[in-house]
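Look over the two chains shown below.

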Amino acid sequence: MTSPLQQKLKITGPVVVTANRLGDGAVVYRSGDGSWTEELAAAAVVTTTPAAMELLTAALSDKLRAVDAYVAPVELTPHQQVLPGNLRERIRFNGPTVALPGES
Amino acid sequence: MYIYDEFDRTLVDERVREFRDQVARRLSGELTEEEFKPLRLMNGVYLQLHAYMLRIAIPYGTLSSDQMRMLAHVARRYDRGYGHFTTRQNIQFNWIKLEELPDAMADLARAGLHGMQTSGNCVRNITTDQWAGVAPDEIEDPRIWAELLRQHLTLHPEFSFLPRKFKIALTASAHDRAAVKIHDIGLRMYRNGAGETGFEVTVGGGLGRTPFLGKTIKPFLPKRDLLSYVEAIMRTYNQYGRRDNIYKARIKILVHELGAEKFAREVEEEWHSIKDGALALDPAVVADIAARFHYPDYEELADNPPELAKAREGERFRTWLANSVSNHKVSGRAIVTLSLKPEGGPPGDATAAQMDAIAELADRYSHGEIRVGHEQNLALPHVAQRDLPALRRALDEIGVATPNVNLISDIIACPGLDYCSLANARSIPVAQEITRRFRNLDVARDLGRLHINISGCINACGHHHIGHIGILGVEKNGEEYYQVTIGGRADERAELGTILGPAVPYGEIADVVEDIAAAYLELRARPDELFIDTVKRVGVDPFKERVYAAR
């Protein structure tokens, strides 16, 4: 499989770097200080290809805390709230769109 | 039930110890993800959208009540209280933490359960008829042969790094409930003109982005030659199968490109060099495996006992009996299918509470045995007919007595984009909406046998190509669309469906299914002409006109 670093990144809007946490697989986002957070609102949002590449490179160099990092689109509301940019990312952020068995 | 021996238990326990060490080394950073990933995949551990997913094999679809209780325990202790039965006689847990996986596996091992060879480029869980051993039309119990193959192919050094994954299915009944023709190797047991029992061998079946039905390369294979012939097929595949392109690596591509006849000749040549060697089956070995399958000591019972006759007076019972209860090879017994397809529910899912209750009912009514079918339903294989009324009440209380088996709401579906990192579109909400549209079981019964299969991507885990109505989720410009096929079937007359027309958006797919159902009601020659037979007779065009006229 092609490494995310070898893939051509073409950034046309705001993006974040996301991954799954190593220990439990939970969805996490790369923050500006180099940590990982479950809060999309705390993720570093970038809008240019060089900035996205820099964020992704740093994320991929973290071999211990997160797995399979990649660049994902986000939307910024007029109030600068960060929202997932497509259905797949909405599902990763919010969980399955269906009630889990056993939930009413 | 098959009773595992000390060798099996040691193998599984050793694997748990190895995996515990591998997880510890990954968590400490001693192993990189690149090093660890193939190791976790060898144990059925995937990383999905939200979490790790653990896939556990249920060999030939047979589970003991104690194993079911263990699955309930794992669902409750390590997951979110439920599991998903798949289209290949596996169960998947969707929310397992890597940190806790070794403990979960150790618990599973205590019940003889594991995830070995449920992933990776090896021989996957060998599947068969969920009614094996009890089906009235069966030649003999196919699980004996599945177990032989399982033993031979588990950790087989030559076949642990194949070009791609490899799936084998067997059936020993005239009616194929194991979908053998869509497997890399399909084995159909039958008795030839001389009265000998053997196998018709098909190869190169498979779905995914390039679907093919298996082609017969050996019309009759004597039982003694099963291992050597399968070995010859796999050696031929291992030698010539492509490793340079993942999309062309399955045996189906090799068989297609070489041609079935040439592939068969290659296999034959290899086979002749090994057929009389160590792999020729000694009847004593087969007898030893057969002896480890324990069958219930049935008490003698007559068909149609008074309890059953009385219960038939009730309409709800009658409906369930006609739909979910099948003939058993022993008089006075029945096979009961438990629908995991309630209205508005995710197909194939069962909660821990349901699993525990089913285990209890299996102990009380089915000699402690449960079966799992590729249609994502369960079955109790040894039920006394006199117990059917009480069993139905108990199943109804836990939500698994919906009398929709083989009807339009008995939908086969993959987890789709709600869970799967490969998916392009959701499957579960589509299935849920269709079950709501056809909640009226009188309507569903009028439509008769009608299988809908839904896949959330081209990998086709929901087997959409062989659904009477197949639904494939695709993504177009960030939106979910669904391509529809009709006319597929998975049984002994297996066929791949034909595409109906352009894909439709998420909001219209349930309407399309309703349109197809309405067209069928108008087109069928008589009320008992099945949907699949109507499609065969009239072709897809009348359905296409109905669906696309208004779109």
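Predicted model: local features only at pLDDT ≥ 70, side-chain atom pairs only at ≥ 80, totals over all residues.

How many residues does the contact take from chain A and from chain B?

## The contact between the chains

The contact takes 23 residues from chain A and 27 residues from chain B. Two residues are in contact if their C-beta atoms, placed from the backbone, lie within 7 Å. On the side of chain A that touches chain B, β4 (66-76) and α2 (87-94) of chain A each give two or more residues. The largest share, four residues, comes from α2(A). Helices (H or I, at least four residues) and strands (E, at least two) are DSSP runs, numbered from the N terminus.

Residues are numbered from 1 along each chain as its sequence is written, while chains are lettered from A and ligands numbered from 1 in the order in which they are written.

## Chain B as a whole

Chain B has 18 helices and 21 strands. Its C-alpha atoms fill a box of roughly 60 × 60 × 60 Å, taken along the principal axes. Of its 551 residues, 55% count as buried. Buried means that 20 or more other C-beta atoms, placed from the backbone, lie within 10 Å of the residue's own; exposed means 12 or fewer, and partly exposed is in between.

## An enclosed helix

Helix α14 (residues 428-437) of chain B is largely enclosed by the rest of the structure, because seven of its ten residues are buried. Among them are B:Ile428, B:Val430 and B:Ile434. The buried residues of α14(B) pack against several elements of chain B, including β18 (469-476), β19 (479-486) and α16 (509-523).
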